[in-house]
Amino acid sequence: MKIPAVFLDRDGTLNEEMGYINDLSRLKLLPNVAEALKLLKNHGFKLIVVTNQSGPARGYFPKELVFKTNELLQKRLKKRGISIDDFFICFHHPDENCSCRKPKPGLIKQALEKYPIELKKSYLIGDKIIDIETAQNIGIKGILVLTGYGKGELKYVAPKKKVKPYFVAKDLKEAAEFIIKDCFQEK
Ligand SMILES: [Mg+2]
Ligand SMILES: [Zn+2]
C-alpha cells in the first residue's frame with residue numbers, strides 16, 4: 001500500500017535560517033515544529049526532509065557536520081515525541097549541475113525509489129521559491145512558509161517566477177493544518 005508523504009525543506013522551515021550551519025550551536029528549532037510534524041504523522045503522512053547542503057562542496061565545513069546536524073535535529077524532535085522518517089541530502093556544488101539539487105526533483109525521486117509513496121497525495125513545504133519549483137517539477141503541491149527566507153522570497157522572487165505556491169502559510173504549523181484540511185476535503 002502506498003502512503004502519502006510531506007517532503008520538508010530543512011533550513012528556514014524546521015530550524016531557523018542561519019546561513020550555513022557550520023557549528024551545531026547554530027541549530028535552532030523553530031516554534032511549533034514538533035506539533036506540526038505530529039499532526040501530519042497522526043494523519044498518516046511520511047515525513048521526509050529534502051535539503052540542499054553545498055557547504056561541504058564549497059569547502060566551508062565537513063560533510064560529517066551535516067549528518068551531525070540532522071542527528072541533533074532528530075534528537076530534539078524525539079524529545080518532543082516525533083521523528084523525521086528519512087533525510088535526503090544534495091551535497092553537490094551548484095556548478096556540478098547534478099540532478100538532485102533543488103529545484104531539480106532528484107531527491108524526491110530517490111525517496112520514491114526507497115519508499116512506496118503516493119505522490120498524488122503528497123506535499124512539499126519550504127521557505128524558498130526553489131522549493132515550490134521542486135514540487136512543481138515532480139507534480140506535487142508546494143507550500144511556502146513565511147519563516148526563514150519565506151517573506152522575502154514571496155515579495156521579491158515569486159513575482160519573477162512562473163511558479164505559484166499552492167498555499168502560503170505563516171509557519172509549519174499553519175502549513176500542516178492546511179494540508180489536513182486540504183487532503184480530507186478533496187474526496
Ligand atoms: Mg530553506
Ligand atoms: Zn545533487
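Reader: What do β4, helix α4 and β5 make?
Author: They make a right-handed β-α-β unit. Helix α4 covers residues 129-138. Right-handed means that, with the strands pointing away from the viewer, the path from the first strand over the helix to the second runs clockwise. Helices (H or I, at least four residues) and strands (E, at least two) are DSSP runs, numbered from the N terminus.

Reader: Where do these coordinates and numbers come from?
Author: This is a predicted model; local features need pLDDT of at least 70, side-chain atom pairs count only at pLDDT 80 or more, and totals for chains, interfaces and linings use all residues. Residues are numbered from 1 along each chain as its sequence is written, while chains are lettered from A and ligands numbered from 1 in the order in which they are written.

Reader: Back to β4. How many bridges does it have with β5?
Author: There are 4, and the pairing is parallel. Strand β5 spans residues 141-145. Leu124 has Gly142 as its bridge partner in β5. Two strands count as paired if DSSP finds at least two bridges between them.

Reader: And how many bridges join β1 to β4?
Author: 3 bridges, with the strands running parallel. β1 is residues 5-8. Leu8 sits opposite Ile125 in β4.

Reader: Which way do the β4 residues point?
Author: Tyr123 and Ile125 point one way, Leu124 and Gly126 the other. All of them are buried. Buried means 20 or more other C-beta atoms within 10 Å of the residue's own; exposed means 12 or fewer, partly exposed is in between, and C-beta atoms are placed from the backbone.

Reader: Now Asp131. Where does it lie?
Author: In helix α4. Asp131 counts as buried because it has 30 C-beta neighbours inside 10 Å.

Reader: What is Asp131 in contact with?
Author: Leaving aside neighbours within four places in sequence, Asp131 is in contact with Asp9, Lys102, Leu124, Gly126 and Gly142. Contact means C-beta atoms, placed from the backbone, within 7 Å. Pro103 is 28 residues from Asp131 along the chain, and their C-alpha atoms are separated by 6.2 Å.

Reader: Zooming out: what is the strand order in the sheet?
Author: β3-β2-β1-β4-β5-β6, in an open sheet of 6 strands with parallel pairing. The edge strands are β3 (86-90) and β6 (167-169), and each pairs on one side only. Neighbouring strands are turned by 25° against each other on average, direction ignored. For such angles, axes are lines fitted to C-alpha atoms, for helices over the stretch in contact, and values run from 0 to 180 degrees between N-to-C directions.

Reader: What pairs with β3?
Author: Strand β2, residues 46-52, pairs with β3 in the parallel sense over 5 bridges. Thr51 has Ile89 as its bridge partner, and Val50 has Phe88. The chain crosses from β2 through helix α2 (residues 63-79) to β3, again as a right-handed crossover.

Reader: What pattern does the chain follow overall?
Author: β-α-β-α-β-α-β-α-β-α-β-α, read along the sequence. The chain's radius of gyration is 15 Å, close to the 16 Å from the globule rule for 187 residues, so the chain is as compact as a globular protein of that length. The radius is taken over C-alpha atoms, and the rule is 2.2 Å times the number of residues to the power 0.38.

Methods:
Contact = placed C-beta atoms within 7 Å.
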